[in-house]
Structure formats: structure tokens, C-alpha cells
Amino acid sequence: MKETTTPTTDPKTGLYILRGTIASDGSQIKIFCSHCNQHHYHGWPSGSVDPGHLEHRQAHCIDTLNNKATDSPFWDHGYMIGIVPPAKGVPTRRITDEERRASVAGALRIIREIEELIEEVNREVQNESAPGWLKHYIGNRRAHILTAEQHHQRTAE
Ligand SMILES: [Zn+2]
């Protein structure tokens with residue numbers, strides 16, 4: 001994967017901004033250092049995924065075969081680190097009205113099926129009755145779904 005090579009600077013501090021992603025263990029951020037041509041890991045206790053959230057760190061640059069850490073543009077003052085912003089021009093796809101209605105209809109159909117099952121158990125299976133809380137829960141879920149759908153239709157453009 002190609003990495004960006006020219007870091008931008010933070011207008012507040014004048015320091016370079018290196019961006020990366022949360023490392024797989026969740027407690028660190030993995031940034032690509034254009035000087036060392038490798039990743040540096042820094043603790044990221046905030047866990048923030050807001051690209052506007054920057055924190056200052058001392059450079060983790062190290063001496064390599066071709067580079068001295070002290071030649072790094074980040075060596076003296078460190079760098080600001082943050083999360084890579086989401087790609088522009090790739091809007092997250094919103095579901096269509098048709099898809100939303102199909103999804104609501106599907107949920108209501110499943111709720112109806114469970115209610116029929118509850119009634120069937122209560123009616124036909126001896127010494128067994130479906131718990132009242134289940135019926136209550138199912139009824140509440142339907143009410144929530146219908147309320148959300150009504151709200152959506154009222155607020156839709
Ligand atoms: Zn470095």
C-alpha cells in the first residue's frame with residue numbers, strides 16, 4: 001500500500017502531522033514515518049477516531065542503514081499525531097427508501113411470526129405457556145419500529 005510522503009503541518013504548533021490508524025491491540029496508534037520509511041507506534045489512550053484530534057509526541061525515529069535519527073525533521077520537536085480522515089469523494093452509501101421499507105416490513109413480519117408462535121404454544125401445547133415477558137418484549141419492539149418509521153416519514157425530505 002502506498003503511503004503519503006509529505007506530511008502537512010499543524011497551524012497551531014507548526015509541527016508536522018503524521019497520521020495513522022489505531023493499532024490492532026486498540027491502545028496504540030500506528031503512524032507512518034516518512035523519514036524512517038517505517039511505522040512508529042505510540043500510545044493512544046484516548047482511542048479517539050476524530051481526525052481533528054491531534055496529540056504531540058516525541059519522535060520515535062531511529063538510526064537505520066541509510067538514515068540517522070538526528071537527521072529526522074521530527075527529531076528536535078517531535079510531531080503531532082492523529083487519525084487518517086475518511087477518504088473524500090467516497091460517500092458512505094445511504095439506504096434507499098425502498099430498502100428501509102423492506103427492512104421494516106421484514107422486522108414486523110418476524111415479530112408477527114413470533115407472536116403467532118406464542119399464541120400457538122399457549123393454545124396447543126399442554127402444560128406449557130410462552131412467557132408473558134416475551135410477548136411484552138415483542139409488542140414493545142413493534143411499537144418502537146412503528147414509531148421510528150412514522151418519525152422517519154414525518155422528517156423525510
Ligand atoms: Zn521516524
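Predicted model: local features only at pLDDT ≥ 70, side-chain atom pairs only at ≥ 80, totals over all residues.

Visitor: Okay, is Asn 37 buried or exposed, then?
Guide: Asn 37 has 12 C-beta neighbours inside 10 Å, and therefore it counts as exposed.

Visitor: And where is Asn 37 found?
Guide: Asn 37 sits in the loop that joins β2 (28-33) and β3 (38-43), and its phi is positive, about 55°, although Asn 37 is not a glycine.

Visitor: What about Asn 127, what's its phi?
Guide: For Asn 127, which is not a glycine either, phi is positive and near 55°; this residue belongs to the loop between α1 and α2, and it is exposed because there are 4 other C-beta atoms within 10 Å.

Visitor: Since you mention them, how do α1 and α2 pack?
Guide: Helix α1 (residues 97-124) packs with α2 at an angle of about 160°, and their axes are 10 Å apart. That angle is over 145 degrees, so α1 is roughly antiparallel to α2. The crossing in which α1 passes α2 is left-handed.

Visitor: Which residues meet there?
Guide: From α1 they include Leu 108, Ile 111 and Glu 115, and among those they meet in α2 are Ile 138, Arg 142 and Glu 149. Sorted by class, this contact has 9 nonpolar and 5 charged residues, with no polar ones.

Visitor: How many residues of α2 are buried?
Guide: The count is 0 among its 24 residues, and α2 is hardly covered. As for its length, those 24 residues should span 34 Å at 1.5 Å a residue, and because the end C-alpha atoms are 35 Å apart, the two values agree.

Visitor: Switching topic, where is Arg 19?
Guide: Arg 19 is placed in strand β1 (residues 17-22), and with 18 C-beta neighbours inside 10 Å it counts as partly exposed.

Visitor: What is Arg 19 in contact with?
Guide: Setting aside neighbours within four places in sequence, Arg 19 is in contact with Ile 31, Gly 82, Ile 83 and Val 84.

Notes: Residues numbered from 1 in each chain as written. Helix = DSSP H or I, 4+ residues; strand = E, 2+ residues; numbered from the N terminus. Expected span 1.5 Å × (residues − 1). Buried ≥ 20, exposed ≤ 12 C-beta atoms within 10 Å, placed from the backbone. Axes fitted to C-alpha atoms, helices over the stretch in contact; angles between N-to-C directions. Parallel < 35°, antiparallel > 145°, perpendicular 65-115°, else oblique. Left-handed = near helix turned anticlockwise from the far one by under 90°. Contact = placed C-beta atoms within 7 Å. Nonpolar A, V, L, I, M, F, W, Y, C, P; charged D, E, K, R; others polar.
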